[in-house]
Each structure stands twice: as C-alpha cells, then as structure tokens.
Amino acid sequence: MSLLSVIGSKTSFLAEGWSFTLTEPRACVLPSDLSSGPGSSIPAIVPGTVAAALEAAGRFDRNNPEPLIDKDVWYRRSLAGETPGPAVLRFAGLATVAEVFFGETLILSSTSMFESHDVAVELTGTETLSICFRALKPHLERTGPRARWRPRLMNNQGLRFVRTTALGFMPGWSPEIHAVGPWRPVLLIGGAGPFSPLAGEMSAELTEGGGAADSRAEEYAEPPPSALPGISPARGEIGWGAASPYIAAERRDFSFSAALGENGEGLLKVSFADDELSHNLHLICAGHEAAFTYDEGKYSAELHLPGIKPWWPHTHGEPALYDVALMVDGDEFPLVRTGFRSLTVDRGPDGNDFAVIVNGEKIFCRGAVWTSADIVRLPGDRASYEPWLRLAKDAGMNMIRIPGISTYESPEFFALCDELGLMVWQDLMFANFDYPIADPDFVIHVKTEVEQFLTATQASPSLAVLCGGSEIYQQGAMLGLPERIWQGPLCKEILPALAAECRPDLPYVANSPSGGALPFYPNAGVAHYYGVGAYKRPLEDARRANIRFAAECLAFSNLSESETLAGGKAGIPRDPGADWDFEDVRDHYLGTLYGIDPQTLRAQQPERYLALSRAVTGEVMEAAFAEWRRPGSTCNGALAFTFQDVMPGPGWGLIGVDGTPKPAWFALKRAFRTVQAVFADEGTNGLDVHLLNETPADLQVVLELACLRDGRISVVSGRRDLTLAARSSESIASTHLFGAFFDTNYAYRFGPPSHDVTVARLKHAETGEILAEAFHFPLGRAHALHDAEITVSVTEGEGELWLELSSDVLAQSVSIECAGYRASDNGFHLAPGAIRRIRLAAISKAPGRPGGTIRSLCSDGAARF
C-alpha cells in the first residue's frame, strides 16, 4: 500500500468487543476448539495485556503476580457490522508467540513482541478475529546454540532466543509480571481512498509502532469506548488514531529527514515509492514549498528553509517544532511534525570522550533511566506517558534513556519528548545475553524490529543516541572472557549497519557501557558508574573515576515521603547473587554523611532514621552532580538509575510507582538547574564556587557568600555583581569575594574551625529572586545539624499560592507536607538571612486552602501552616 493510496482510507481501532480465554498449552489448535461455556471468557483490553485485563477483573494482583507464560490465551472479537470488501488488519505489537485467525483460517504467525504486521483480508461482515498467544514457557525451554556466558540478571536463559521484553524475568529488579497480549493496537484499515488506483501490493509487515502513514486526517474518529468500565482506550497509540492528525511516515518506502545546516538553514528531504506519475505533489513547511519529482517509481522532494528556528533540549532553548504537509493536486494533508537540529558526539582527540553536541553547543546531559509507565499495562498512549515525562522536564532533565531490558516505547512517547525538549537515548532491546546471531531467522527478526523502530521515529528530533544494547560487553568481560568473544558482530556489525542505513544522522554506541580498557571502566567512553553507590566508594570517587559519560549511575533504595519500611525488604532492589541490597548501600552513606550507626538509629529512633534515609540519597546525588557539572570536569552527562519504580516500596525510582516524586527527585531538580551555583572543595587550593548559565540569554546576577558559625553567625562574607553570559560558566575562588585569606574549606586547620557551613546564594540582580544556592560543610553535615525555628506563611501572588519560609539558623533537608498540593521544592537546606518562596501546585481537585507541616532534620517539632 503506497502513501498516496491510503489518503481517505478509513481506519478503525478494534478496541472494544474483545474477550479472552485461558487454556492449557496447545489444548486448542483452532478457534472452534474453544469451549464457549459460561464464565469461560474474560473481557479484554486492547491495546493491553492479559495482566491488565485480569487485574481489571479482580483476578490478578500486581504485588503478588502469578505466572502468565504457562497458558495459551485466546483473544476473540466479532467483525460483524464492518463494511464488506478488501481491508487491512494491522497488528502493531503482539506479545509474543502469536497466531492470528480470520474465521478458522490462520493468516499470521508472529514470534516477536517488537514487530508490527499488516495482513490483507476480504471482509464479508460475518467473520470472527481470533489471536492465540501461545504459552511462552515451552519456547523459553527450547535449547539452541550453546551460550558462551550466562547472565545472572535474568532468571530464564531462553530469553536469548525469543524477542520479548526482559521485564518480568529479573527477580530483585522488577516484579515477575509477564508481557502477554496485544500490547499495541489492532486496527482495521478499509475503504478505498481517492488515490487508490495508485495502490501497490499490500506489505506483509509494517514498522513497529506503525505510525499514522496509512490513515487519513479527515477520516479520524473517536476510538470506541473500552469494554471494561473505567478503562479508557489508548488515543493516538503509537502514532495512529484519533490523537494524530498526521499521515504516517514510517513505511520502509517512506524516507524523511530534517536537518539543520551550519548556516542555520533547515533542510527537509522526503521520498516515497509509488506506482505511477499521476499527481501534482508539493512538500510544505513554515510557509515554504517544493515540488516533488518522480523518477523510477519514487517521488522525491527537498525543501530548504532559511532562518528556521532550531530544536533545542529545553534546558538550552526552545524545542521548536514545525508541521510538514503534503499537497496533492491542491489539497493539503498533514504529513509529520518535526524539528530541526544538528547533533553529533565529540569523542575528543584521544577517542575516549563522549560529549553530545546539539546545534554546535556541548550539552551536559542529565536525566534518568526509564523503566515503564505501567509494568502491568505497558501502555503506549500519550495520556499514560505525559505525567511521567512532564515530571522529567520539571526536574530539569534533558535526557531519558530507554534501556535494553525494557520495551520500545511508541512514537507517542517520542512526540511528547519532541514537544518537551527531552532527548532520548535509545538502547535497542538487547541486554546481557550472548545472542544467537549465527541463526539467520534470528537476524531477520533483529533487522525487522530495528528497521521498523527507526522508520517509525524518523521525524523525531528528540531521538539523540542509538545504542546496541545494555551490558552485553560488560557481562562477558566481567566473566573473564576475551574481547574477541564478547565484542561480537551483533553490536559491531549488524546493528550499526542498520543504523547507518536507516538513521545515518544518529550517533551509534556499540553497547552501554563500552569504550574503556574494559567496558565497565568509567574513564573512557560510556560508563555505568556505581563507584558512588553500589560499590560504596567515598564521594570523592565521583571525581577520581574520571567519568566521560554515565549512561546509568547512582542507584539507591530511595524512600518516598510516606514510606515507613513496614514491609521489611519488600520493594528493595537487589542484584542477583549479591549478599547485600540497595538498602545496605543507602545505610552506608547515611553512616558516612551523618556520622551515626544506621542500625542502632533504626532500632532506637525509627522516625529519625526514616528522615535521614529520605534525605541521604538526594544529598549524595546532589554532591555527585555538583562535581560532574563543574567547569573542568571530564564528565559530559549522567543519567540516574532509575526514573520510576515498577513496584511499590523504596525502589531505585526517583518517582514512586504511583507517580509521586520522592525526595531524591527534588534533590536532582536542584542539581539540574539551568542557572546553577556549585561548590568544589579543592583542598589546599581552597573552596571554589562555580556558576553556570545554560540558557540562551545573558543574566545579570548577584553572588553572595557567607561562612556561618553555629549555622547562624556570619564570620566572613562577600558579594559580587556579575553578568553570566549565555551558555557559559564562571569560576571564582571564595577568597576573591572575601578580599583576604580565609580557610573556607578548613584545609589548613590553623586552630579550631571558625564555621560549620558556607552558603552561596545566586540572585537575579533586578528582581532579587534566588536562582540557586549551594552549601559546603567543612566539618561534615553532622556538625551542622541545628534545631531550627522555621517561620512560614501562605501568600498569593501571580495567580498562584506560595509558602514563604525563613529560619533563625541553618535548617537541613526541610520537608514540606501539604495534603492536596505539591511543593516546587522539598528536602532543601534553608539558611538564615533570606526568605525562601516555594510555589504550591494543586494535585487534586478543590484541595482547599493549603495547610500542613514543615520539619527539618534536627528539629524536635514542626512548623504548621
């Protein structure tokens, strides 16, 4: 089916009317073998999973899941009432071994979760559509070529042969919830468009995600309501359907690229195959247009766009987007939405560096590793993604990494990242295993899934880095195998060749981590850095490790504000085979930073233990990123592990499974500020303060510095008016502000210490707004814990509610509890001498006037408002 032939086709979501039946493996060969007795079927959610439907029916507990890989699952839906005639059934994603029946006729067999398929059918209006998801367990138990290494992370070695997600097969990392079912939409494309005479033969397969290429803007209708009360069907799922007005641009015969030249000129290139030259076609964008030419069965056009606004990560500018349209014989059809940016990776003169360069500017990439919007539903719609991704932007993140242990997200994910200015580091779905690349059928599936994914996302400027997978190199190397074994053809030959063919504009990374003398050495290329973290190295190791880029780092068992640890070890991550877990890691740094035995504290003062546990992981993360973001650091970016939890409890996530940000999220929000002040303790070279301005505008600022004794008495201070140039940094020795020598970091130790904290405050010169603060504890945080008296008031201004806080003495890790509202900052240090304004945003309908409590780490009581 050509691009032109589908203009005007009617596309329908087959979202309602589904039910499913569980049977023993191979108990039924054909749909007619199924029993139709009462209670034998369960209402199904499409797109969705078996787990989601069972959960909706009250028959599945995500916190105590039962296996879903030892049954066959038959989905069925009547096609009665559909318009008779030729049509196309599109299956955008079937997890995982699936057989599709049109009536009693087998029309499709699929063995990959990551592939999409089109099947041409002739409708009579009487058929039943059936999809049998065969039990995955027998397929996982099949033997194949002997593996040269066996990862501990996954509990089933058969995953190396089956193209499905590792989620659900990693005990200690994620709940054992298995992906089964039509997790991406099933659509019916029927009716001839006005250009149907140009239609070629129907493709047997479509790209993963499928896009909107074969659907029409004027034919979109609201998707049907779900068969289950309270469950809304996905809108705009993977680029199709009611939420997308665009013609899909993800067929193999459709090529699209948007580039930004050095002269600031945008360049669009579009081409697609068609059968004959019968139409007058033009490409339109930003008030410019270019005619298509036709040669040997292909339409092609190039459109030059002078003075186009570039797409930037939101931390560095505006993520400008443009609609691209196709004009056919005078009628205009929306084609795609895209942005123009140049993107390269600077490997440095020695080849060991890794710096992302966007539009000629080096970008410090910061963010987190994605897991899933919902591990039960595995959604792909905008509504499911948006709350998560907005929290990423709100935290100042500019990059999200999708790891090789998860799934490909839909184009709706990338469309949102385009809009929000979030770059995406995309691992292809390969992790840890020695994959059977000598099997030609396996390689065919690999090529299909990668081609489909890259074509489906080719208009997205947010897709920034393509990686061959996660920890394949590391797994083999850590087991002592030679480089020639673990550095195989999959990541070095097959995948880069596909990337070069489909997306030559994307930087390709063979594997994450990789680049050093050993792939897990962090001082070259791409690292997975857990020196500070799992390996319990001192905070100074963040500098000593000489990191270039950390694609994942800083994993801790992060507590939420409401976490009580009453569930014991439930929800606490653990590496398979380790005799420690990530609560032990958190406790290590609690003892290190606050000088107290965590086990004794937990037994004797459980509430204080919880308060310190909530604070400590954020403190460690802020300290690490302060080191990595300072001018002179070798680090060009770091992504925390992980963005969100996949199960209840104190997991790695910065955000809980319920979507609530944890104290660690707020800590990183402070660490990721685009206008920032950080301290660097340089030993006998003194204490430096580094100022950063990543915005595209110059800033007039005031820097204030004060050393406080007992957290309140200024023993020395200084002030300077500055102009921070756009996208620049400035480093200042603290003594330059004082005008004379002062042992700010207590490195020389001439006599007793004169102060316990140094505070840097960066203000807007005109408004006095506090843009950033930094704190240095020369004697450690434990020596600067004070019983603070915090004063708080609620004010209204600029159409919003604010808390105004002040303190008589330094208050560490100030915690705000306000039901129905989310504070713009939480867990921050509050120094005396200034009023701190915190915005309150309502998170529930009609929450009423805000009221709550404010506590700090060492205060016995709480301030109420």
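**A walk through a predicted model**

Hi everyone, let's start with helix 4, residues 411-420, which is mostly covered: eight of its 10 residues are buried, where buried means under 20% relative accessible area, exposed means over 50% and partly exposed lies in between, with a 1.4 Å probe and protein chains only. When I say helix or strand, I mean a DSSP run, with at least four residues of H or I for a helix and at least two of E for a strand, numbered from the N terminus.

A quick word on what we are looking at. This is a predicted model, in which local features need pLDDT of at least 70 and side-chain atom pairs count only at pLDDT 80 or more, while totals for chains, interfaces and linings use all residues. Residues are numbered from 1 along each chain as its sequence is written, and side-chain values use heavy atoms, with hydrogens and water left out.

Back to helix 4. Its buried residues are Pro 411, Glu 412, Phe 413, Phe 414, Leu 416, Cys 417, Asp 418 and Leu 420. And what covers the buried residues of helix 4? The cover includes helix 3 (382-394), strand 24 (399-402), strand 25 (423-427), helix 5 (440-456) and strand 26 (463-467). Contact here means heavy atoms within 4.5 Å. After helix 4 comes Gly 421, with a positive phi near 75 degrees.

Now, a pair of helices. Two packed helices are described by the angle between their axes and the distance between the axes. For helix 12 (residues 606-629) and helix 13 (residues 663-671), the axes come within 8 Å and cross at roughly 20 degrees. The axes are lines fitted to C-alpha atoms, for helices over the stretch in contact, and the angles run from 0 to 180 degrees between N-to-C directions. Helix 12 and helix 13 are therefore roughly parallel to each other; the classes are roughly parallel under 35 degrees, roughly antiparallel over 145, roughly perpendicular from 65 to 115, and oblique for the rest.

Who makes this contact? From helix 12 come Arg 614, Thr 617, Gly 618, Met 621, Glu 622, Phe 625 and Arg 629, and from helix 13 come Pro 663, Ala 664, Ala 667, Leu 668, Arg 670 and Ala 671. These contact residues divide into seven nonpolar, two polar and four charged. Ala, Val, Leu, Ile, Met, Phe, Trp, Tyr, Cys and Pro count as nonpolar, Asp, Glu, Lys and Arg as charged, and the others, Gly among them, as polar.

While we are on helix 12, please find Ser 613, which has its place there. Is Ser 613 buried or exposed? At 0% relative accessibility, Ser 613 counts as buried. Leaving aside residues up to four places away in sequence, Ser 613 touches Leu 559, Arg 586 and Leu 590.

Let's turn to the sheets. Two strands pair if DSSP finds at least two bridges between them. Four strands form an open sheet in the order 34-33-36-37, with antiparallel pairing. Strand 34 and strand 37 (770-776) stand at the edges, each with a single partner strand, so one side of each has no neighbour in the sheet. The twist from one strand to the next averages 15 degrees.

Within that sheet, strand 33 (residues 699-709) and strand 34 (residues 713-724) run antiparallel and are joined by 11 bridges. Leu 699 has Leu 724 in strand 34 as its bridge partner, and Gln 700 has Thr 723. The hairpin of these two strands has three residues between them, and Asp 710 takes a positive phi near 55 degrees there.

There is another open sheet, with three strands in the order 20-21-22 and antiparallel pairing. Neighbouring strands of this sheet are turned by 40 degrees against each other on average, direction ignored. Strand 21 (residues 355-358) pairs with strand 22 over three bridges, and Val 358 stands opposite Glu 361 in strand 22.

Further along, strand 43 (residues 836-842) runs antiparallel to strand 39 (residues 800-807), and five bridges join them. Here Leu 803 has Ile 838 as its bridge partner. Strand 41 (residues 821-823) also pairs with strand 43 in the antiparallel sense, over three bridges, and Ala 823 stands opposite Leu 840.

One last stop: Arg 184, in the loop between helix 2 (137-140) and strand 10 (186-190). Arg 184 counts as buried, at 0% relative accessibility. The C-alpha atoms of Arg 184 and Leu 94 are 6.9 Å apart, with 90 residues separating them along the chain.
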